[in-house]
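The following report concerns the structure shown below.

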Amino acid sequence: MAGPPRVNCAGRCVVCGERDCQTQACVDYHAVCLWAVCDVCDGAGWANGWPCVCTSGVVEVGR
Ligand SMILES: [Zn+2]
Ligand SMILES: [Zn+2]
C-alpha cells in the first residue's frame with residue numbers, strides 16, 4: 001500500500017526527520033519502501049490516547 005507523504009504536515013521528512021528535506025536519497029528511499037497498516041493502533045495513528053510509534057497509522061515493512 002502507499003505510505004504517508006514523505007514530508008509530514010509539520011514539514012519534516014519521514015525518512016531522516018529533517019525539516020524541509022530535499023535529499024534525493026530520501027526521495028528515492030521513500031519511493032520504494034513498502035508500508036502496512038499499523039498493528040498497534042489499527043491505522044489510527046493513536047494508541048491509548050497517545051501518538052502511536054507508527055507514522056500516520058502505517059508502518060514501514062521493508063522493501
Ligand atoms: Zn530526508
Ligand atoms: Zn500505530
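## Burial and contacts

Of the 63 residues in the protein, 6% are buried; a residue is buried if 20 or more other C-beta atoms, placed from the backbone, lie within 10 Å of its own, exposed if 12 or fewer, and partly exposed in between. Among contacts in the protein with a separation of 6 or more, 30% join residues 24 or more positions apart, a contact being two residues whose C-beta atoms, placed from the backbone, lie within 7 Å.

## Model and confidence

This is a predicted model, in which local features need pLDDT of at least 70, side-chain atom pairs count only at pLDDT 80 or more, and totals for chains, interfaces and linings use all residues. Residues are numbered from 1 along each chain as its sequence is written, while chains are lettered from A and ligands numbered from 1 in the order in which they are written.

The mean pLDDT (the predictor's confidence in each residue, from 0 to 100) is 88 for the protein, with 97% of residues at 70 or more.

## Secondary structure

The protein contains one helix and four strands, arranged along the sequence as α-β-β-β-β. These elements are DSSP runs numbered from the N terminus: helices are H or I with at least four residues, strands E with at least two. Mean pLDDT among the elements is lowest for strand β4 (residues 58-62), at 84, and highest for strand β3 (residues 50-51), at 92.

## Overall dimensions

Along the principal axes, the C-alpha atoms fill a box of roughly 35 × 25 × 15 Å.

## Residue A25

A25 lies in helix α1 (residues 24-32). A25 is exposed because 10 other C-beta atoms are within 10 Å. Its C-alpha atom is separated by 12 Å from that of V14, eleven residues apart along the chain.
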